[in-house]
Amino acid sequence: MELTNITGLRGEISVPGDKSISHRCVMFGSIAKGTTEIQHFLHGADCLATIGCFRRMGIEISCSAGTVTVYGKGLHGLTAPEEILDVGNSGTTTRLMAGILAGQSFDSKLSGDESLNSRPMSRIMEPLSKMGANISSILRNNCAPLYITKGTLSGIHYESPVASAQVKSCILLAGLYAEGRTSVTEPSLSRNHTELMLREFGADICSTHELDTTRATASIQPCKELYGQKITVPGDISSAAYFIAAGLLVPDSEILVKNTGINPTRAGILKVCEDMGGDITLLNERTQGGEKIADILVRTSSLHGITIDGDIIPTLIDEIPIIAIMAAAAEGTTIIRDAKELKVKETDRIETVTDNLKAMGCCATPTPDGMIIEGGRPLHGAYIHTLLDHRIAMAFSIAALIADGNTKILDSHCVDVSYPGFYEAFESLL
(Lines give C-alpha, C1' and ligand atoms only; values in the text may rest on other atoms or scores of the structure.)
Protein backbone atom coordinates (compact mmCIF):
# COMPACT_ATOMS: atom_id res chain seq x y z
CA MET A 1 0.00 0.00 0.00
CA GLU A 2 1.41 3.40 -1.07
CA LEU A 3 0.15 6.54 0.68
CA THR A 4 0.86 10.27 0.63
CA ASN A 5 -0.06 13.32 2.73
CA ILE A 6 -3.59 14.72 2.61
CA THR A 7 -5.83 17.35 4.20
CA GLY A 8 -9.48 17.54 5.14
CA LEU A 9 -10.71 14.19 6.46
CA ARG A 10 -14.41 14.70 7.17
CA GLY A 11 -17.46 12.58 7.85
CA GLU A 12 -18.91 9.83 10.00
CA ILE A 13 -17.60 6.31 10.33
CA SER A 14 -18.43 3.14 12.24
CA VAL A 15 -15.52 0.83 12.99
CA PRO A 16 -15.77 -2.99 13.10
CA GLY A 17 -16.82 -4.82 16.24
CA ASP A 18 -14.47 -5.05 19.18
CA LYS A 19 -11.96 -7.86 18.66
CA SER A 20 -11.64 -8.80 22.33
CA ILE A 21 -15.41 -8.96 22.80
CA SER A 22 -15.98 -10.84 19.52
CA HIS A 23 -13.57 -13.58 20.62
CA ARG A 24 -15.33 -13.94 23.95
CA CYS A 25 -18.84 -14.05 22.45
CA VAL A 26 -17.94 -17.14 20.43
CA MET A 27 -16.04 -18.84 23.26
CA PHE A 28 -18.67 -18.26 25.94
CA GLY A 29 -21.52 -19.01 23.55
CA SER A 30 -19.91 -22.33 22.65
CA ILE A 31 -19.75 -23.50 26.28
CA ALA A 32 -23.18 -22.08 27.13
CA LYS A 33 -26.47 -23.91 26.88
CA GLY A 34 -28.66 -22.69 24.04
CA THR A 35 -28.21 -20.17 21.26
CA THR A 36 -26.05 -17.06 21.33
CA GLU A 37 -26.78 -14.43 18.66
CA ILE A 38 -23.98 -11.94 17.97
CA GLN A 39 -24.52 -8.71 16.04
CA HIS A 40 -21.62 -6.58 14.69
CA PHE A 41 -19.12 -9.42 15.08
CA LEU A 42 -15.60 -8.71 13.84
CA HIS A 43 -14.92 -10.90 10.80
CA GLY A 44 -11.15 -10.51 11.12
CA ALA A 45 -8.65 -13.32 10.79
CA ASP A 46 -8.11 -13.69 14.56
CA CYS A 47 -11.80 -13.99 15.41
CA LEU A 48 -12.41 -16.34 12.51
CA ALA A 49 -9.65 -18.54 13.95
CA THR A 50 -11.66 -18.75 17.17
CA ILE A 51 -14.77 -19.80 15.22
CA GLY A 52 -12.75 -22.43 13.37
CA CYS A 53 -11.41 -23.94 16.59
CA PHE A 54 -14.83 -24.35 18.18
CA ARG A 55 -16.28 -25.78 15.00
CA ARG A 56 -13.57 -28.46 15.19
CA MET A 57 -14.85 -29.26 18.69
CA GLY A 58 -18.38 -29.92 17.48
CA ILE A 59 -20.00 -26.50 17.84
CA GLU A 60 -22.29 -25.36 15.04
CA ILE A 61 -21.66 -21.69 14.21
CA SER A 62 -23.45 -19.91 11.37
CA CYS A 63 -22.58 -16.54 9.82
CA SER A 64 -25.20 -14.72 7.77
CA ALA A 65 -26.64 -11.23 7.22
CA GLY A 66 -24.37 -9.61 9.77
CA THR A 67 -25.26 -12.10 12.50
CA VAL A 68 -23.10 -14.86 13.96
CA THR A 69 -25.13 -17.56 15.69
CA VAL A 70 -23.48 -20.00 18.08
CA TYR A 71 -25.41 -23.15 18.98
CA GLY A 72 -23.88 -23.86 22.37
CA LYS A 73 -23.78 -27.32 23.94
CA GLY A 74 -23.09 -26.36 27.55
CA LEU A 75 -20.02 -26.42 29.76
CA HIS A 76 -19.31 -30.08 29.01
CA GLY A 77 -20.59 -30.24 25.42
CA LEU A 78 -17.34 -29.85 23.49
CA THR A 79 -16.02 -32.92 21.70
CA ALA A 80 -12.44 -34.00 21.00
CA PRO A 81 -11.02 -32.38 17.84
CA GLU A 82 -9.73 -34.76 15.21
CA GLU A 83 -6.84 -32.44 14.33
CA ILE A 84 -4.66 -29.73 15.84
CA LEU A 85 -6.61 -26.61 16.75
CA ASP A 86 -5.18 -23.92 14.47
CA VAL A 87 -5.23 -20.52 16.23
CA GLY A 88 -3.54 -18.66 13.37
CA ASN A 89 -1.90 -15.49 14.71
CA SER A 90 -4.30 -15.06 17.63
CA GLY A 91 -2.81 -14.89 21.11
CA THR A 92 -6.27 -14.26 22.56
CA THR A 93 -7.61 -17.48 21.03
CA THR A 94 -4.62 -19.44 22.32
CA ARG A 95 -4.54 -18.20 25.90
CA LEU A 96 -8.26 -18.01 26.62
CA MET A 97 -9.05 -21.32 24.93
CA ALA A 98 -6.28 -23.02 26.90
CA GLY A 99 -8.26 -22.22 30.06
CA ILE A 100 -11.38 -23.85 28.62
CA LEU A 101 -9.49 -26.88 27.28
CA ALA A 102 -7.83 -27.46 30.66
CA GLY A 103 -11.23 -28.44 32.03
CA GLN A 104 -12.25 -30.84 29.25
CA SER A 105 -12.31 -34.64 29.35
CA PHE A 106 -10.32 -34.99 26.11
CA ASP A 107 -6.81 -34.23 24.88
CA SER A 108 -6.08 -31.33 22.53
CA LYS A 109 -3.24 -29.55 20.76
CA LEU A 110 -3.04 -25.82 20.02
CA SER A 111 -0.76 -24.35 17.37
CA GLY A 112 -0.55 -21.24 15.21
CA ASP A 113 1.63 -19.51 12.68
CA GLU A 114 5.34 -18.86 13.11
CA SER A 115 4.75 -15.57 14.92
CA LEU A 116 2.20 -17.01 17.33
CA ASN A 117 4.38 -20.02 18.08
CA SER A 118 7.20 -17.71 19.19
CA ARG A 119 5.10 -15.88 21.78
CA PRO A 120 5.52 -16.82 25.48
CA MET A 121 2.93 -19.16 26.99
CA SER A 122 4.56 -19.80 30.35
CA ARG A 123 2.42 -17.01 31.79
CA ILE A 124 -0.65 -19.24 31.39
CA MET A 125 1.06 -22.62 31.73
CA GLU A 126 2.24 -21.81 35.26
CA PRO A 127 -1.15 -20.91 36.81
CA LEU A 128 -2.99 -23.67 34.93
CA SER A 129 -0.47 -26.21 36.20
CA LYS A 130 -0.99 -24.94 39.74
CA MET A 131 -4.70 -25.64 39.26
CA GLY A 132 -3.93 -29.25 38.30
CA ALA A 133 -4.03 -28.90 34.53
CA ASN A 134 -1.78 -31.04 32.35
CA ILE A 135 -0.37 -28.54 29.86
CA SER A 136 2.99 -28.69 28.13
CA SER A 137 4.96 -27.00 25.38
CA ILE A 138 5.52 -29.66 22.71
CA LEU A 139 8.87 -28.13 21.70
CA ARG A 140 9.76 -27.53 25.38
CA ASN A 141 10.39 -23.83 24.76
CA ASN A 142 7.37 -22.50 26.74
CA CYS A 143 5.67 -21.59 23.46
CA ALA A 144 2.99 -23.18 21.30
CA PRO A 145 2.33 -25.79 20.05
CA LEU A 146 0.69 -26.68 23.37
CA TYR A 147 -0.52 -30.12 24.43
CA ILE A 148 -3.36 -30.21 26.96
CA THR A 149 -4.58 -33.46 28.48
CA LYS A 150 -7.35 -34.30 30.92
CA GLY A 151 -6.72 -33.14 34.48
CA THR A 152 -8.66 -32.48 37.67
CA LEU A 153 -8.76 -28.78 38.43
CA SER A 154 -8.84 -27.09 41.83
CA GLY A 155 -9.45 -23.42 42.49
CA ILE A 156 -6.45 -21.27 43.42
CA HIS A 157 -5.69 -17.67 44.27
CA TYR A 158 -3.13 -16.57 41.70
CA GLU A 159 -1.01 -13.44 42.10
CA SER A 160 -0.31 -12.39 38.53
CA PRO A 161 3.00 -10.56 38.04
CA VAL A 162 1.49 -8.63 35.10
CA ALA A 163 -1.82 -6.93 34.42
CA SER A 164 -2.96 -9.10 31.50
CA ALA A 165 -6.55 -9.71 30.47
CA GLN A 166 -5.47 -12.83 28.59
CA VAL A 167 -3.82 -14.37 31.64
CA LYS A 168 -6.70 -13.40 33.93
CA SER A 169 -9.32 -14.69 31.51
CA CYS A 170 -7.52 -17.98 30.98
CA ILE A 171 -7.48 -18.67 34.72
CA LEU A 172 -11.10 -17.59 35.25
CA LEU A 173 -12.31 -19.82 32.41
CA ALA A 174 -10.44 -22.78 33.90
CA GLY A 175 -12.12 -21.82 37.17
CA LEU A 176 -15.50 -22.66 35.64
CA TYR A 177 -14.36 -26.30 35.68
CA ALA A 178 -12.46 -26.27 38.98
CA GLU A 179 -13.46 -27.35 42.45
CA GLY A 180 -13.82 -24.31 44.69
CA ARG A 181 -13.27 -20.61 44.12
CA THR A 182 -10.65 -19.36 41.68
CA SER A 183 -9.22 -15.84 42.08
CA VAL A 184 -6.72 -13.73 40.15
CA THR A 185 -5.07 -10.65 41.64
CA GLU A 186 -3.35 -8.22 39.26
CA PRO A 187 -1.02 -5.31 40.03
CA SER A 188 -3.58 -3.09 38.25
CA LEU A 189 -6.90 -3.71 36.55
CA SER A 190 -6.64 -5.12 33.03
CA ARG A 191 -9.47 -5.28 30.49
CA ASN A 192 -12.58 -6.60 32.20
CA HIS A 193 -14.61 -7.84 29.21
CA THR A 194 -14.45 -11.41 30.53
CA GLU A 195 -15.90 -10.49 33.91
CA LEU A 196 -18.68 -8.37 32.40
CA MET A 197 -19.68 -10.93 29.78
CA LEU A 198 -19.46 -14.04 31.95
CA ARG A 199 -21.81 -12.33 34.40
CA GLU A 200 -24.28 -11.79 31.53
CA PHE A 201 -24.02 -15.51 30.68
CA GLY A 202 -24.88 -16.43 34.28
CA ALA A 203 -21.50 -17.07 35.92
CA ASP A 204 -20.94 -16.41 39.63
CA ILE A 205 -18.13 -13.88 39.24
CA CYS A 206 -17.09 -10.75 41.11
CA SER A 207 -14.37 -8.10 41.01
CA THR A 208 -12.85 -5.98 43.77
CA HIS A 209 -10.25 -3.24 44.14
CA GLU A 210 -8.03 -3.07 47.19
CA LEU A 211 -8.24 0.13 49.18
CA ASP A 212 -5.31 2.54 48.76
CA THR A 213 -3.71 0.39 46.01
CA THR A 214 -4.22 -0.23 42.32
CA ARG A 215 -4.39 -4.00 42.79
CA ALA A 216 -7.53 -5.71 41.51
CA THR A 217 -8.94 -9.18 42.11
CA ALA A 218 -11.46 -11.15 40.04
CA SER A 219 -13.01 -14.32 41.48
CA ILE A 220 -15.23 -17.03 40.01
CA GLN A 221 -17.10 -20.03 41.36
CA PRO A 222 -17.68 -23.17 39.27
CA CYS A 223 -21.21 -23.29 37.90
CA LYS A 224 -23.48 -25.96 36.48
CA GLU A 225 -24.31 -24.05 33.32
CA LEU A 226 -23.94 -20.85 31.32
CA TYR A 227 -26.82 -19.68 29.13
CA GLY A 228 -26.84 -18.27 25.59
CA GLN A 229 -27.30 -14.52 25.11
CA LYS A 230 -28.08 -11.90 22.47
CA ILE A 231 -25.09 -9.58 22.12
CA THR A 232 -24.35 -6.51 20.01
CA VAL A 233 -20.60 -5.97 19.89
CA PRO A 234 -19.57 -2.31 20.26
CA GLY A 235 -17.11 -0.74 17.85
CA ASP A 236 -13.50 -1.55 18.70
CA ILE A 237 -11.74 1.43 20.29
CA SER A 238 -8.43 -0.03 19.14
CA SER A 239 -9.68 0.32 15.56
CA ALA A 240 -11.25 3.71 16.30
CA ALA A 241 -7.85 4.91 17.57
CA TYR A 242 -6.49 5.27 14.02
CA PHE A 243 -9.35 7.54 12.99
CA ILE A 244 -9.07 9.48 16.25
CA ALA A 245 -5.39 10.07 15.53
CA ALA A 246 -6.10 10.97 11.90
CA GLY A 247 -8.74 13.46 12.98
CA LEU A 248 -6.30 15.10 15.39
CA LEU A 249 -3.29 15.15 13.04
CA VAL A 250 -4.53 15.69 9.48
CA PRO A 251 -5.14 19.42 8.82
CA ASP A 252 -8.73 20.66 8.49
CA SER A 253 -10.30 17.41 9.71
CA GLU A 254 -13.44 16.58 11.68
CA ILE A 255 -14.44 12.94 12.17
CA LEU A 256 -17.29 11.34 14.13
CA VAL A 257 -16.55 7.74 15.09
CA LYS A 258 -19.89 6.18 15.99
CA ASN A 259 -20.93 3.42 18.42
CA THR A 260 -17.48 2.89 19.92
CA GLY A 261 -16.80 0.97 23.13
CA ILE A 262 -15.35 3.22 25.83
CA ASN A 263 -14.95 0.65 28.60
CA PRO A 264 -12.70 2.39 31.18
CA THR A 265 -10.30 -0.56 31.15
CA ARG A 266 -9.78 0.01 27.40
CA ALA A 267 -10.21 3.74 26.85
CA GLY A 268 -6.87 5.07 28.07
CA ILE A 269 -6.16 6.50 24.63
CA LEU A 270 -8.95 9.05 25.11
CA LYS A 271 -7.27 10.42 28.22
CA VAL A 272 -3.89 10.48 26.48
CA CYS A 273 -5.35 12.43 23.55
CA GLU A 274 -6.94 14.94 25.91
CA ASP A 275 -3.72 15.27 27.94
CA MET A 276 -1.83 15.96 24.69
CA GLY A 277 -4.27 18.77 23.87
CA GLY A 278 -6.60 16.90 21.53
CA ASP A 279 -10.09 18.23 20.76
CA ILE A 280 -12.25 15.20 21.59
CA THR A 281 -15.93 15.16 22.59
CA LEU A 282 -17.97 12.13 23.68
CA LEU A 283 -21.57 12.16 22.45
CA ASN A 284 -24.58 9.88 23.00
CA GLU A 285 -22.99 7.98 25.91
CA ARG A 286 -24.85 4.84 27.00
CA THR A 287 -24.38 1.35 28.45
CA GLN A 288 -25.24 -1.83 26.56
CA GLY A 289 -24.67 -5.36 27.87
CA GLY A 290 -22.49 -3.96 30.64
CA GLU A 291 -20.22 -2.13 28.16
CA LYS A 292 -20.04 1.67 27.89
CA ILE A 293 -20.48 3.07 24.37
CA ALA A 294 -20.29 6.55 22.82
CA ASP A 295 -19.86 8.47 19.59
CA ILE A 296 -16.45 10.18 19.49
CA LEU A 297 -16.11 13.57 17.77
CA VAL A 298 -12.53 14.52 16.85
CA ARG A 299 -11.17 17.76 15.35
CA THR A 300 -7.69 18.79 14.16
CA SER A 301 -5.56 19.86 17.13
CA SER A 302 -2.09 21.02 18.08
CA LEU A 303 -0.62 18.32 20.33
CA HIS A 304 2.19 18.45 22.87
CA GLY A 305 4.35 15.75 24.41
CA ILE A 306 3.50 14.05 27.71
CA THR A 307 4.68 11.18 29.91
CA ILE A 308 2.60 7.98 29.72
CA ASP A 309 3.22 5.38 32.42
CA GLY A 310 1.80 3.50 35.38
CA ASP A 311 -1.74 2.22 35.67
CA ILE A 312 -2.94 3.72 32.39
CA ILE A 313 -0.66 1.45 30.34
CA PRO A 314 -2.88 -1.69 30.49
CA THR A 315 -5.81 0.43 29.23
CA LEU A 316 -4.00 1.41 26.02
CA ILE A 317 -1.34 -1.24 25.41
CA ASP A 318 -2.58 -2.01 21.87
CA GLU A 319 -2.81 1.70 21.04
CA ILE A 320 0.81 2.57 21.82
CA PRO A 321 1.91 2.31 18.15
CA ILE A 322 -0.62 4.97 17.10
CA ILE A 323 0.11 7.03 20.23
CA ALA A 324 3.75 7.00 19.13
CA ILE A 325 2.69 8.50 15.79
CA MET A 326 0.82 11.28 17.60
CA ALA A 327 3.90 11.83 19.75
CA ALA A 328 6.08 12.20 16.65
CA ALA A 329 3.77 14.95 15.37
CA ALA A 330 3.44 16.69 18.75
CA GLU A 331 5.63 19.50 20.03
CA GLY A 332 8.08 18.41 22.70
CA THR A 333 9.07 15.04 24.09
CA THR A 334 6.82 12.10 24.88
CA ILE A 335 8.04 9.39 27.24
CA ILE A 336 6.33 5.98 27.37
CA ARG A 337 7.24 3.74 30.31
CA ASP A 338 6.01 0.55 32.04
CA ALA A 339 5.09 -0.98 28.66
CA LYS A 340 7.36 -4.03 28.65
CA GLU A 341 4.34 -6.02 27.43
CA LEU A 342 4.97 -4.51 23.98
CA LYS A 343 7.89 -6.89 23.56
CA VAL A 344 5.62 -9.96 23.44
CA LYS A 345 2.99 -8.77 20.98
CA GLU A 346 2.84 -9.82 17.32
CA THR A 347 6.25 -8.17 17.05
CA ASP A 348 8.52 -6.50 19.57
CA ARG A 349 6.56 -3.28 19.17
CA ILE A 350 9.14 -1.18 21.01
CA GLU A 351 11.68 -2.06 18.36
CA THR A 352 9.30 -2.07 15.40
CA VAL A 353 7.77 1.31 16.24
CA THR A 354 11.04 3.10 16.91
CA ASP A 355 12.79 1.62 13.86
CA ASN A 356 10.01 2.77 11.54
CA LEU A 357 9.78 6.21 13.16
CA LYS A 358 13.51 6.66 12.61
CA ALA A 359 13.03 5.71 8.97
CA MET A 360 10.54 8.58 8.68
CA GLY A 361 12.94 11.10 10.24
CA CYS A 362 11.73 11.09 13.84
CA CYS A 363 14.12 10.95 16.78
CA ALA A 364 12.83 7.88 18.63
CA THR A 365 14.79 6.00 21.26
CA PRO A 366 13.79 2.51 22.48
CA THR A 367 14.03 1.78 26.20
CA PRO A 368 13.67 -1.55 28.05
CA ASP A 369 10.01 -0.81 28.85
CA GLY A 370 8.95 1.79 26.31
CA MET A 371 10.34 4.62 24.19
CA ILE A 372 11.28 8.30 24.12
CA ILE A 373 9.99 10.29 21.16
CA GLU A 374 11.15 13.81 20.37
CA GLY A 375 8.28 15.32 18.42
CA GLY A 376 7.88 18.30 16.16
CA ARG A 377 10.25 17.29 13.35
CA PRO A 378 8.68 16.96 9.88
CA LEU A 379 8.19 13.33 8.89
CA HIS A 380 9.09 12.11 5.43
CA GLY A 381 7.95 9.14 3.41
CA ALA A 382 9.69 5.80 3.84
CA TYR A 383 9.36 2.07 3.40
CA ILE A 384 7.55 0.77 6.49
CA HIS A 385 8.45 -2.75 7.58
CA THR A 386 5.34 -4.05 9.32
CA LEU A 387 6.73 -7.55 10.00
CA LEU A 388 3.12 -8.64 9.43
CA ASP A 389 1.93 -6.77 12.55
CA HIS A 390 -1.50 -5.30 11.83
CA ARG A 391 -1.19 -2.48 14.37
CA ILE A 392 2.13 -1.36 12.92
CA ALA A 393 0.62 -1.26 9.43
CA MET A 394 -2.36 0.83 10.51
CA ALA A 395 -0.39 3.19 12.77
CA PHE A 396 2.15 4.04 10.08
CA SER A 397 -0.60 4.45 7.51
CA ILE A 398 -1.71 7.42 9.62
CA ALA A 399 1.88 8.67 9.79
CA ALA A 400 1.94 8.56 5.99
CA LEU A 401 -0.99 10.99 5.83
CA ILE A 402 1.08 13.74 7.49
CA ALA A 403 4.51 12.91 6.01
CA ASP A 404 6.20 14.63 3.06
CA GLY A 405 6.37 12.44 -0.02
CA ASN A 406 5.19 8.89 -0.49
CA THR A 407 5.18 6.13 2.11
CA LYS A 408 4.98 2.44 1.23
CA ILE A 409 3.46 0.09 3.83
CA LEU A 410 4.98 -3.33 3.20
CA ASP A 411 2.71 -6.37 3.72
CA SER A 412 -0.22 -4.04 4.34
CA HIS A 413 -2.66 -6.93 3.92
CA CYS A 414 -1.94 -7.86 7.55
CA VAL A 415 -4.54 -5.26 8.60
CA ASP A 416 -7.12 -7.97 7.87
CA VAL A 417 -6.23 -9.54 11.24
CA SER A 418 -8.32 -6.91 13.03
CA TYR A 419 -9.72 -4.50 10.42
CA PRO A 420 -10.70 -5.84 7.01
CA GLY A 421 -11.57 -2.83 4.86
CA PHE A 422 -9.33 -0.45 6.81
CA TYR A 423 -8.06 1.40 3.73
CA GLU A 424 -11.50 1.57 2.12
CA ALA A 425 -12.82 3.16 5.32
CA PHE A 426 -10.36 6.04 4.97
CA GLU A 427 -11.39 6.64 1.38
CA SER A 428 -14.93 7.33 2.63
CA LEU A 429 -13.63 10.35 4.58
CA LEU A 430 -11.82 12.02 1.67
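Analyst: Happy to! Let's go to helix α5, which spans residues 165-175 and is mostly covered: eleven of its eleven residues are buried. Bear in mind that this is a predicted model. The buried residues of α5 include Val167, Ile171, Leu172 and Leu173, but also Gln166, Lys168 and Ser169. Cys170 is buried too, as are Ala165, Ala174 and Gly175. In general, an α-helix has 3.6 residues a turn, so residues three or four places apart point the same way.

Now for the chain around this helix. The protein chain has twelve helices and 23 strands, and 59% of its 430 residues count as buried. Along the principal axes, the C-alpha atoms fill a box of roughly 60 × 45 × 45 Å. Among contacts with a separation of 6 or more, 75% come from residues 24 or more positions apart.

Two loops are also worth a visit. In the loop between β8 (134-137) and β9 (146-149) you will find Pro145, joined to Ala144 by a cis peptide bond with omega of about 5°. The loop between β8 and β9 also holds Arg140, a non-glycine residue with a positive phi of about 55°. Arg140 counts as exposed because its relative accessibility is 80%, over the 50% cut-off. Leu388, in the loop between β22 (383-385) and α11 (390-401), has a positive phi near 65° without being a glycine. With a relative accessible area of 47%, Leu388 is partly exposed.

Key
Residues are numbered from 1 along each chain as its sequence is written. This is a predicted model: local features need pLDDT of at least 70, side-chain atom pairs count only at pLDDT 80 or more; totals for chains, interfaces and linings use all residues. Side-chain values use heavy atoms; hydrogens and water are left out. Helices (H or I, at least four residues) and strands (E, at least two) are DSSP runs, numbered from the N terminus. Buried means under 20% relative accessible area, exposed over 50%, partly exposed in between (1.4 Å probe, protein chains only). Contact means heavy atoms within 4.5 Å.
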